[in-house]
Structures are given as C-alpha cells and as structure tokens.
Amino acid sequence: MESITLICQSCGMPLDKDPQKGGTNLDKSRSDKYCSFCFQDGKFVDDGITLQQKIAKNIQIAVNMGMSKEKAQHTAESILPKLDRWK
C-alpha cells in the first residue's frame, strides 16, 4: 500500500515534519489541514498575505535551509497555487 504524505494547505510543508504535528483550530483541536507555522487558534498567522508574498516567503525560507534559489522558486511556484488556501 502506498503511503500518502499530507502537506499543509497553506505553505506545502509535509505535516509529519511539523514539530507540533499541525496547527490549532479555534477550539484548540489539531488542524489536519494546516501546519503550526501557518495556523494557530483558528487563524492564519500571516492573515492578509497574498499568494505572491507567500511564494516569496517560502523561497526565502527554503534558501535559508540550503536549497538553491532556482529550485526553491520552482517548488513554491508549482505547489502553492494548487493548495486549498490559494485556490
């Protein structure tokens, strides 16, 4: 059976890499849709950010983690627009 990796529907991070194992909903339950870096207490941490700003933010984070800018840009531009938050 194939394993499915769930990703944050805001930033694309694999949820199994989230140290908190998901963000929190308004009722303090774990979100199975968003990571703890994007979603806390039922709200987006970066509420009001545009898709293009989120792409730029993700590129910078990936570059800071050692990914090439070209790969980071390709990854962010190909994944983020398909996520639920940005549809």
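In this predicted model, the charged end of arginine 85 sits over the ring of phenylalanine 44, at 3.7 Å from the ring centre. Phenylalanine 44 itself counts as partly exposed, with a relative accessibility of 21%.

A pair of aromatic rings is described by the distance of the centres and the angle of the planes. Across the whole structure, a search finds 3 aromatic pairs. One of them joins tyrosine 34 to phenylalanine 44 in an edge-to-face arrangement, with the centres 4.9 Å apart and 80 degrees between the planes. Tyrosine 34 belongs to the segment before strand 1 (39–40), while phenylalanine 44 belongs to strand 2 (residues 43–44), so this pair ties together parts that lie 10 residues apart in sequence. Phenylalanine 39 and phenylalanine 44 form another edge-to-face pair, for which the centre-to-centre distance is 5.2 Å and the angle between the planes is 65 degrees. Through such ring pairs, Tyr34, Phe39 and Phe44 are linked into a cluster.

The cysteines raise a separate matter. How many disulfides does the structure hold? The number is 0. The sulfur of cysteine 8 has its closest cysteine sulfur in cysteine 35, at 3.8 Å, which is too far for a bond, because a disulfide requires two cysteine sulfur atoms within 2.5 Å. Cysteine 35 is likewise in no disulfide; its nearest cysteine sulfur belongs to cysteine 38 and is 3.7 Å away. Cysteine 8 is buried, with a relative accessibility of 0%, and cysteine 35 is buried, with a relative accessible area of 0%.

Most residues other than glycine have a negative phi. Lysine 21, although not a glycine, has a positive phi of about 60 degrees, and lysine 28, also not a glycine, has a positive phi of about 75 degrees.

| Residue | Phi | Relative accessible area |
|---|---|---|
| Lysine 21 | about 60 degrees | 54%, exposed |
| Lysine 28 | about 75 degrees | 57%, exposed |

Terms used. Residues numbered from 1 in each chain as written. Predicted model: local features only at pLDDT ≥ 70, side-chain atom pairs only at ≥ 80, totals over all residues. Heavy atoms only, no water. Phe/Tyr/Trp six-rings, centres within 6.5 Å; stacked < 30°, edge-to-face > 60°. Helix = DSSP H or I, 4+ residues; strand = E, 2+ residues; numbered from the N terminus. Buried < 20%, exposed > 50% of the residue type's maximum accessible area, 1.4 Å probe, protein only. Lys NZ or Arg CZ within 6 Å of the ring centre and 35° of its normal.
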